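This briefing covers a helix pair, a strand hairpin and a chain interface. The sequence and structure come before the notes.

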Amino acid sequence: MNQMSKPASKPQIMSPMGRAVEHDSASQHVTGQAIYCDDIREPAGCLHAAMGLGPAYPAKIRAMNLDAVRQAPGVVAVFTAADIPGENNAGSVVHDEPLLATDQTSYPQQPLFVVAAETRDQARRAARMATFEADELPAAVNFDQIVERDEHVMPTLEVVTGDAEAALSKSAHRLEGRIEIGGQEHMYLEGQIALALPSPDGLRVVSSTQHPTEVQEMLSHLLEISAAEITVEVRRMGGAFGGKESQAAHTAMMAALAAYHTGRPVKLRPDRDDDMVTTGKRHEFRVDYRLGYSDDGRVYAGTFDLAARCGHSADLSAAVCDRAVFHSDNAYFVPEHRITSHRYRSNTVSNTAYRGFGGPQGMVAIERAMDQIAASLGKDPLDVRYENLYGRHGDIAPYGMQVKERVLEPLMRQLEESSNYRQRRAEIETANQSGGRYRRGIALTPVKFGISFTISFLNQAGALLNIYKDGSILINHGGTEMGQGLYLKVAQVVAHQFGVPLDMVKISATRTDKVPNTSPTAASSGSDLNGMAALVACKTLKQRLTQYLQQKFDTDALPIFKDGRVSIGFHHMSFPELAHAAWFARIPLSATGHYATPGIGWDAKTGKGRPFFYFAHGAAVSEVEIDTLTGANRVVRADLLHDVGQSLNPAIDLGQIEGAYIQGMGWLTMEELVYSDKGQLLTHAPSTYKIPTATDRPDVLNIALFDNKNPEPTVNRSKAVGEPPFMLAISVHSALAHAISGLGGAGYWPDLNAPATAEEVLRCLDAARQGA
Amino acid sequence: MRTSIEFFYAGHSHKLEGVKPTDMLLSWLRDNQQARGTKEGCNEGDCGACSVVLARQMGGKIDYQPVNACIFPLANLDGAAIFSVEDYGNRAELHPIQKAVVDEHGSQCGFCTPGFIASMVAGQLGQVEHSAEVQIAGNLCRCTGYGGLIRAFEGQRNTAQPAAFQAKLDAANAWISTAERGGFECHSEASSIYAPADLAAMAALRLAHPDALIIAGATDVGLWMTKGLKQPAKVILTTYVAELHAVSQDTAEFTFGAAVPYSQVGGVLLQDYPEARAWFERLGSVQVRASGTMGGNIANGSPIGDGPPLLIALGARLRLRKSDAVREIALEDYFVAYGKQDLAEGEFVEAIMIPRRQPGQRLMVEKVSRRIDQDITAVLAAFSESDDGLRLAFGGMAATPKLATTVMTSRNPSDIGQDFQPLTDLRASKEYRLRVAENLLRQFFEQEPGAAAQEAAE
């Protein structure tokens, strides 16, 4: 009877706004009662689907023999592109990617068919029984190959301010460099999954997706049925990180295709390896950069060429690469600058959204450059960073937006002090001089991250608010819950508005039939957008209740909603009493809310405008240790200080910061995607693709929130937190380079790429030893 | 002969007929029992989302361990009990570990959480002495940075079990104490499982079925089935063979039966070789060490098994049995070539003998991998020097675990290329492997005698 029992401890906090309330599902998580898509009891007759994958190389498919698949035990049906009633398209922005490939696969193991069988095991076995007559096509995989072939999935973006070449030639010092930055697998613990439930009224799909509206739309085009006949639902995801923004639709579409034809419920949960092979990852980047600077380390000019490996199709690559451009300055003013972004096609799976969305890749290069400037001038890199922060010598970003807030310098000064950065750096440099097997390094790096979808029309959200006769409140919005605590934060906003305890506000699954036409829960925008939409709905209902109360008690006074009670003049009642009375007086107790971020927009042709509503900031000090014999490395201590504005929930925000830092650390150190020369992913499971475990967490990890309020009118003056702290981990990469640099003599800085695996670190150590 | 297996779960015993080698515990829990709190994350024993608590008779007492249910064959559960997240507590009365995870904000998306709870509850029950980090290193969380989870375990590691869960534990213990373990055969249309209970039966079965696949903890063979979709027709389990679980020691050597899980090895071996602690704690995860056996790790013949290089460096020998005939060979001689071992038809690994430490013996063990914990080794180096001579063993450098015989003679690390021509693969390049091997050899030769032991003690 566990499911019926009450939670053990429910906070009875009267105004939960800004409080460190536990995740609304925490007690369900720990007892295993939180239901994910795969945990829903399958309806009778439910079929299980599996993807049929193509050859291990890009191929011209001359013939596909599926007889053995069809005849395999338990198989009910097999579907190819020919069975798609509508459009065979899986590309959400550009229709350049088939859901099921036909006569050609453009990356290894691209899906060609879908099997539906009585059991999942039968479907998996059958899916491997296909044979192909196929001719191998040439594969462009690494940067040299894709640049040489020079095919682009989307047009190049160039952002120019001033005359970079002229300014470079006038600079006292110039440096140039190249850094390769690896991709990253999302490794959401819950893999891609969808359950399609057909009925005569249409189709209901439970999908682990960040973007239910897009799944609905893609299904509509696939099956040629209207959006109104399709409901997409998601209560929670077991992690997403961007990996379920555009590409969750693929799983849902395959399940729905099988359900459409068989008339039976169909579940598709690809095995982890199939998931990793067929879904995109963080984009790999290669950045060629030049900077001109003065004797005191002030940067006057730069050129950054950002080459991105996008995979075989566009997917979200344009927006990802735009964001990389917008963050290639990170926190630094470069008065004359030219940033170029090429979006290369490759014969690999189509890369997609991943926490930070190109921003992290953009930032890594300029942080390396800051270190190089400092090394060349014999300065502490922190001083070079301070010297170039926006606000010191200018505050207009290359894309034309003014960087108004002056948060980073005080934030970094505070962190420098609290982490005892200067003294520790001096001690490390002294210790490293005495040699030994292990060396340490330390770095303090900042993050400035722009908040808003750079695709401006996505910056809108809707909410549906119902107050029931008993005073309980149900809030729905377009945002999805993937562990980030969005449902909780929005519930906190609503509870605060009505002055009721948090447990009177219920949150239910995100569904396209409740709140339509929503944007993905992405770009860290979840609580900014949906919190405001909910707030608008709250205000509508509060307005109605206020009018009702004013009429009833014949007063102009404003009611006060507090501590579960409502007071107007000398009249008091409980919130449930008010709800019941208002219903009885025929006041509508349901309202929608809609919010659109004001004042943003930019010109994609020139790359100029105001793409962001505001910036979130943070800084981190990481101290690392490297083994000079093997290159093995670990973070021994990290101090993080981050700006979330005025926090909606410090516990949730601290959790986001910690998790983002560790995930970023993994990206820049141990997480290495290895592809064959045909473009086949070789690290296709957690046995070979390694994300951080508990032992990789720094021995000391201090995390604090910077005291700030968002100058822009966001909900509670808070700031977005999902992505920005990911880039705090760039300090790890910089610290590793610092540890290596000492072996190279004065002025030396290693060309450490990312990820800084043990092998990469040892390569740089050897280069440093030779260079010294 | 029994044709069923029986184990204890959710308050009573479950008797299953016709069990197949491919029947894994996780599918049984989720699909048969509809106990869906335990999740599948990777289906290969790497993420720990499917962790459950196993209680089994081991060395005269009940041994509690977390195991990865996704690759745990049901056939290995005979006479044991399992507990899943549905057992420890409920929302009205959370288990202290569950409450601590809530209070410490240790869950975000929550998908991995039941697996973490299992590892932590098992750690409590097993009264482990190692850090929380080691106890949960076999569980991946992609959302948090593990802080809340670590604090939850450290705060509750010595807390008593709540009454409701203790009652379940007591009931399971009572059942286990009288349960049979092994001595069954399960036949289905497609497969046969033989589960002998003693060495004589094992030897006879091996002789009668030389084509059968021997399965121990299935931490590797499990993946052949869940990932490779192999359906072995004939299987012999070592799991219940009493003699293969024997651990003994005398002044000359330690002897481990082939079916002794790694979790039982550390406490014995590390007494003499404390330098191997990191090796032990980085060998798989708690879950993998609870299921995986030293014998399986060797018999499997993998070039990258973490056990063999250290054991070879220590001069370990293997006892091989065919029927009544027993022979002993040096461990390094067992590995003939990739996929080929010195094992006759009808023969199997019975025990591993490891010499005790000699006075003045120096030992260095280094594992090089992309991640510290639970990662497949790129290079494993194990060096020992004693009055018996110098032994330099490597894994990951060749098609088999091997001694660097040239360097053992020349004592020149630069000669490593004469001993090994490693491959480039997804874990490391050949150049890196050679470079690391050379660096580690140089370190060993340059190190002061006794320094290694001192470093390990720190």
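H4(B) and H6(B) cross in a right-handed manner (left-handed if the near helix is turned anticlockwise from the far one by less than a right angle, right-handed if clockwise). The model is predicted: local features need pLDDT of at least 70, side-chain atom pairs count only at pLDDT 80 or more, and totals for chains, interfaces and linings use all residues. Residues are numbered from 1 along each chain as its sequence is written, with chains lettered from A and ligands numbered from 1 in the order in which they are written.

**Helix pair**
- The packing angle of H4(B) and H6(B) is about 25 degrees, and their axes are 10 Å apart (lines fitted to C-alpha atoms over the stretch in contact; angles run from 0 to 180 degrees between N-to-C directions).
- H4(B) and H6(B) are therefore roughly parallel (angles under 35 degrees).
- From H4(B), B:Phe116, B:Met120, B:Gly123 and B:Gln124 meet B:Leu149, B:Ala152, B:Phe153 and B:Gln156 of H6(B).
- That contact comprises five nonpolar, three polar and no charged residues (Ala, Val, Leu, Ile, Met, Phe, Trp, Tyr, Cys and Pro are nonpolar; Asp, Glu, Lys and Arg charged; the others, Gly among them, polar).

**Hairpin**
- Strands E12 (residues 317-322) and E13 (residues 325-330) of chain B pair in the antiparallel sense over six bridges (pairing needs at least two DSSP bridges; helices, H or I, of at least four residues and strands, E, of at least two are DSSP runs numbered from the N terminus).
- Two residues separate E12(B) from E13(B) in the hairpin, and B:Ser323 in the turn has a positive phi of about 55 degrees.
- B:Leu318 has B:Ile329 in E13(B) as its bridge partner.

**Interface**
- In chain B, 65 residues are in contact with 69 residues of chain A (C-beta atoms, placed from the backbone, within 7 Å).
- H18(B) gives the most to the side of chain B that touches chain A, six residues.

Key. Contact = placed C-beta atoms within 7 Å. Parallel < 35°, antiparallel > 145°, perpendicular 65-115°, else oblique.
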